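This briefing goes through one protein chain by topic. Please keep the sequence and the coordinates at hand while reading.

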Amino acid sequence: MACAAFLISGLFRGCVGAVCTRAAASKLTSSTSRTLTFTCIMKSKRKTDHLERTASVVRREVVAAAKVCGAASESPSVKSLHLLVTDKDFSFKAGQWIDFFIPGVSVVGGFSICSSPRLLEQERMIELAVKYTNHPPALWIHNKCTLDSEVAVRVGGEFFFDPQPTDAPRNLVLIAGGVGINPLLSILRYSADLHRERANKGSGYEIGTIKLFYSAKNTGELLFKKNILDLVNEFPEKIACSLHVTKQTTQISAELKPYITEGRITEEEIKDHISKETLFYICGPPPMTDFFSKQLENNHVPKEHICFEKWW
């Protein structure tokens, strides 16, 4: 489950300087959500449970009903879901996660949103990508979830990118490992939306350059690679990516080959992108996030320019 760390000054409006406390009592949108939420919270007692790990993390008050309106296999081990959330009080910032309440499942899930906030604003839709594990919410998503299944969701997290129109341009370096791509893909997609809006309107936030470093076991486990490459090709002057595979055993396709490096993401690659204007977002297994956040600090990147989230 998610565990957030450093906040980036100026880009985390509403969270900067906030003392992390237990979430306020939820403002429920329906009696169904109320019963579901209380049941899950009362019964969700595992020591490594998402609610316990994130008990001190800021959450929004709204618990909204959501309906599954699409599902697909993103890799042999990851399933994506599209959820329709009609409650207009439900919103999120790029990079945040949701508490995921399932009827009949006592354990509460915690999953990062991988879509842009613009998709929610325009179509009332959010997207998740969930890896298969023995954790009850993940098992439900992979084995029992169907179209029109109903759940409830609540937004939380202090790991997000939310620039205001008058903020200074910033470059972004996004470092992802495995399903840690999810919140970073949300940030990438949102950044592309901001760039489109500025190009169309001549106003709004001016995004700097974005470099995505993304590592997985093999190309089959590189999630959303087509979406990522589509953005690279749409905005070659703004967005670039370096895709890494650590245990590739099959031939890499001609389409992917220019973007693939065999082996782990290295400190040297990241160091090339250090500057005063660059913000670093890291999400992946704890050893990976610990390594890169420490290396960035050792290379004199200010702590307020480093934001990471660990997935357990």
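The model is a predicted one. Its chain has 312 residues, of which 53% are buried, and its secondary structure consists of eight helices and 14 strands.

**Overall make-up**

- The number of disulfides in the structure is zero.
- C145 has a relative accessibility of 10%, under the 20% limit, and therefore counts as buried.
- C241 also has a relative accessible area of 10%, so this cysteine is buried as well.

**Helix α5**

- Helix α5 covers residues 181-201, which is 21 residues.
- From the first C-alpha to the last, α5 reaches 30 Å, close to the 30 Å expected at 1.5 Å a residue.
- Of the 21 residues of α5, 15 are buried, so the helix is largely enclosed by the rest of the structure.

**The cavity**

- How many cavities of 30 Å³ or more does a search of the whole structure find? The search finds one.
- The largest cavity holds about 30 Å³ of space.
- Its lining is made up of E267, I270, K271, I274, F292, Q295, L296 and N299.
- Two helices, α7 (267-271) and α8 (286-298), each contribute at least two residues to that lining.
- Sorted by class, the lining has four nonpolar, two polar and two charged residues.

**T219, in a loop**

- T219 sits in the loop that runs between β10 (210-216) and α6 (225-234).
- Is T219 buried or exposed? With a relative accessible area of 12%, which is under 20%, T219 is buried.
- Apart from neighbours within four places in sequence, T219 is in contact with K225, V245, Q248, I252, L256 and I260.

**K67, in a strand**

- K67 belongs to strand β3, residues 62-75.
- The relative accessibility of K67 is 34%, so this lysine counts as partly exposed, the class between 20% and 50%.
- Which residues does K67 contact, leaving aside its neighbours within four places in sequence? They are H82, L83, L84, D148, S149 and E150.
- K67 and T146 are 79 residues apart along the chain, and their C-alpha atoms are separated by 9.7 Å.

**L51, in a helix**

- L51 is found in helix α2, which spans residues 50-53.
- L51 has 14% relative accessibility and therefore counts as buried.
- In sequence, L51 and G109 are 58 residues apart; in space, the C-alpha to C-alpha distance is 8.2 Å.

Notes:
Residues are numbered from 1 along each chain as its sequence is written. This is a predicted model: local features need pLDDT of at least 70, side-chain atom pairs count only at pLDDT 80 or more; totals for chains, interfaces and linings use all residues. Side-chain values use heavy atoms; hydrogens and water are left out. Helices (H or I, at least four residues) and strands (E, at least two) are DSSP runs, numbered from the N terminus. The expected span of a helix is 1.5 Å times one less than its number of residues. Buried means under 20% relative accessible area, exposed over 50%, partly exposed in between (1.4 Å probe, protein chains only). On a 1 Å grid over the protein atoms alone, a cavity is a set of points where a 1.4 Å probe fits but cannot get out, and a pocket is an open set with protein on both sides within 12 Å along at least five of seven lines; lining residues have an atom within 4 Å of a point. Grid points are joined across faces, edges and corners, and a volume is the space filled by probe spheres set on the points. Ala, Val, Leu, Ile, Met, Phe, Trp, Tyr, Cys and Pro count as nonpolar, Asp, Glu, Lys and Arg as charged, and the others, Gly among them, as polar. A disulfide is a pair of cysteine sulfur atoms within 2.5 Å. Contact means heavy atoms within 4.5 Å.
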